[in-house]
Number of protein chains: 2
Amino acid sequence: VAVSRVRKQIDEALYSFVDGQRPLLEAVSGELSPLLGALDSLLSGGKRLRPAFCYWGWRGSGGEDIPEFFTAAASLELLQAGALIHDDVMDSSDTRRGQPAAHRRFAALHTESGWRGAAEAFGSGGAILLGDVCLTWCDEMFQGSGLPDDVLRRGRPIFDRMRTEVICGQYLDLLGQARGRRPDANAMVEAALRIVRYKSAKYTVERPLQLGAALAGAGPEALDALSAYGLPLGAAFQLRDDVLGVFGDPDETGKPAGDDLREGKRTVLVALTLQRADPGQADIVESLLCDPALDAAGVELLRGIIVDTGALDACEMMISRYAADASKALASVGLTAEAREALAELTVAATARTV
Amino acid sequence: VAVSRVRKQIDEALYSFVDGQRPLLEAVSGELSPLLGALDSLLSGGKRLRPAFCYWGWRGSGGEDIPEFFTAAASLELLQAGALIHDDVMDSSDTRRGQPAAHRRFAALHTESGWRGAAEAFGSGGAILLGDVCLTWCDEMFQGSGLPDDVLRRGRPIFDRMRTEVICGQYLDLLGQARGRRPDANAMVEAALRIVRYKSAKYTVERPLQLGAALAGAGPEALDALSAYGLPLGAAFQLRDDVLGVFGDPDETGKPAGDDLREGKRTVLVALTLQRADPGQADIVESLLCDPALDAAGVELLRGIIVDTGALDACEMMISRYAADASKALASVGLTAEAREALAELTVAATARTV
């Protein structure tokens, strides 16, 4: 109950901020409406996980339920929106949250309008700029949340570090895909885990939790205890996402089956597969990964190898171990009982075998 | 003398901030050094115009020469860096400030390293992420400048609006290029002028000046007077840039001759040309603009039409009129005599016929 109530308040804060920006864009030009249309579409989906973790860090450290805090926490959804929009350009993803990716929307607008030049280039350009809008609005929303200056100042170092970390994590991800298979399979698993750490574990769980707690006045020791919970939970969450990206139901994930494989994502699951594969299997994995025309049969073949090598079992074991570590650490965090209960609920939701 | 002293202090603040971020990136991964390398290369060039206008707004409104202010003002260079990096991806520009554009650097790294997939896609991805880093660092640097909270709060609405406006201006620019020639030539000139207003006049001059003045405590009337100076100066500055983009010396502009023509930029100069062209000339302009393989002979042909139609003269007249409007308005701004003198110097420098 508490979790869905928080979600509602986060949504209200988010939509209220975006609505407040409409007049500015309309004053510049009526031709900017596709930017807002694409943003509205993206924001209509999403689990609001980061604001939720931020809320429980705050609430569990003695913060009150005030609208200013919900505004500050909801700003994380704009960071996430910007990251997803740019990610989809880089990965050439077609869909996001069950809808066309932003760059595909802009490309479709170009085609429908019969404009000059390549629709794809216009699509990427529009999406790059929409992502930029989201990144600057994230910060405008956070800093303009109405929280007192001394409160904001407490959260600021974490807010800043989180943003740099997630972008760095994305660069490492891009690099991992470009590098592909490396001779040392263990190093490949480690590299994939480092991407998980920065792109997901810190960004999705640890930093939002710490941000909320820091805003509420938590000290360094309390923040460290939250890391001990947030990092394994965030890793478990990402590994679950990786498994769903290969084996998940498209109706639930909002992405076509096997999309992660088609995009050649160098996930931990893929690294574990290559670590365990015989040379023949490894060659098949390498040749099929990153094939934009990968069909259902190819996806089935890859899934078979991921299962047969034992990589799926190994990944599920890692998820269980991380989730157990997180649950254990949760008992030691200095948060209220109410917050610990809500986080236990989020832990289950974030690592469950369905979306 | 004052102008070059300011530039030195802006540079020091900028490099000091970027150097302060190195350890964080190094702690994440040694593989992030190409991001910093590309940023260092970009920041080694540039005229620091926006921080300079911000400084004179501040100084002329009674602000003191304190390091905290130089840090806040220098943050505008990171916004500019992010905008240029993303712009170059969208325009597929090869060079920036006489060096390879960021996305070309990342693409070259991909090729040299023999990585998988398309070097160009890696290049764009790296540049998108580096631009994102710059956008978030701009705000981190501004908010973390050390200026007191009440001072920052005075500047914040302008800082926020400026960022949204420049991104919106870039979207309108992208749209203008996609639309190409429109039946109503006057509407085309107006559309080009609106892009100049948001992408340049406000962003380069008006908002930085107002930001400095607002931080120093200037009220609404003083800010309006700065608009009356900043908007025409910013427009003159951009029109000069457009002329140099077609007729300028590559050694001075840092871009190959005719690069703007090759990229199909829908500048005011181009709109004025199409407005005055006969149907035959207009067809030539439309067919050559946006031709990525446009050679020296094509550039010469286009230059000839721009001159023959009288568009170049018309553009020079607009520049003179805007510059005169700015100079006239400068006499009425409520800034100190020292600031007005420095701004008069910047007015000349920003609109002169050479870079």
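## Close-up views of a predicted two-chain model

**Figure 1. Helix α7 of chain A packs against helix α6 of chain B.** In this predicted model, helix α7 (residues 149–179) of chain A and helix α6 (residues 119–143) of chain B pack with their axes 10 Å apart and at an angle of about 170°. That angle is over 145°, so α7(A) counts as roughly antiparallel to α6(B). On the α7(A) side, the residues that meet α6(B) include Arg156(A), Phe159(A), Arg163(A), Ile167(A), Tyr171(A) and Leu175(A). Across from them, the contacting residues of α6(B) include Phe122(B), Leu129(B), Val133(B), Trp137(B) and Glu140(B).

**Figure 2. A two-fold axis relates chain A and chain B.** Chain A can be laid on chain B by a rotation of 180° with 0.0 Å of shift along the axis, giving an RMSD of 0.0 Å. This is the relation of a two-fold axis. Look for Asp149(A) here: of the residues of chain A, Asp149(A) comes closest to the rotation axis, with its C-alpha at 3.3 Å. Of the interface residues of chain A, 100% are also interface residues in chain B, so the copies meet through the same surface.

**Figure 3. Trp115(B) and Phe122(B) form an edge-to-face pair.** Counted over all chains, the model has 20 aromatic pairs. In the pair of Trp115(B) and Phe122(B), the ring centres are 5.3 Å apart and the planes make an angle of 70°, an edge-to-face arrangement. Trp115(B) has 16% relative accessibility and counts as buried; Phe122(B), at 3%, is buried too.

**Figure 4. Aromatic rings gather in chain A, and two arginines sit over tyrosines.** One aromatic cluster is formed by Tyr55(A), Trp56(A), Trp58(A), Phe69(A) and Phe70(A). Elsewhere in the panel, the charged end of Arg197(A) sits over the ring of Tyr198(A), 5.9 Å from the ring centre. Arg321(A) likewise places its charged end over the ring of Tyr322(A), 5.7 Å from the centre.

**Figure 5. Ala201(B) is a buried residue of helix α8.** Ala201(B) lies in helix α8 (residues 185–215) of chain B. Its relative accessibility is 2%, under the 20% limit, so Ala201(B) counts as buried. Leaving aside residues up to four places away in sequence, Ala201(B) touches Val196(B), Glu206(B), Gly230(B), Leu231(B), Gly234(B) and Ala235(B). Gly230(B) is 29 residues from Ala201(B) along the chain, and the C-alpha atoms of these two residues are separated by 6.9 Å.

Technical notes. Residues numbered from 1 in each chain as written. Chains lettered and ligands numbered in written order. Predicted model: local features only at pLDDT ≥ 70, side-chain atom pairs only at ≥ 80, totals over all residues. Heavy atoms only, no water. Least-squares fit on C-alpha atoms with pLDDT ≥ 70 in both. Contact = heavy atoms within 4.5 Å. Helix = DSSP H or I, 4+ residues; strand = E, 2+ residues; numbered from the N terminus. Buried < 20%, exposed > 50% of the residue type's maximum accessible area, 1.4 Å probe, protein only. Phe/Tyr/Trp six-rings, centres within 6.5 Å; stacked < 30°, edge-to-face > 60°. Lys NZ or Arg CZ within 6 Å of the ring centre and 35° of its normal. Axes fitted to C-alpha atoms, helices over the stretch in contact; angles between N-to-C directions. Parallel < 35°, antiparallel > 145°, perpendicular 65-115°, else oblique.
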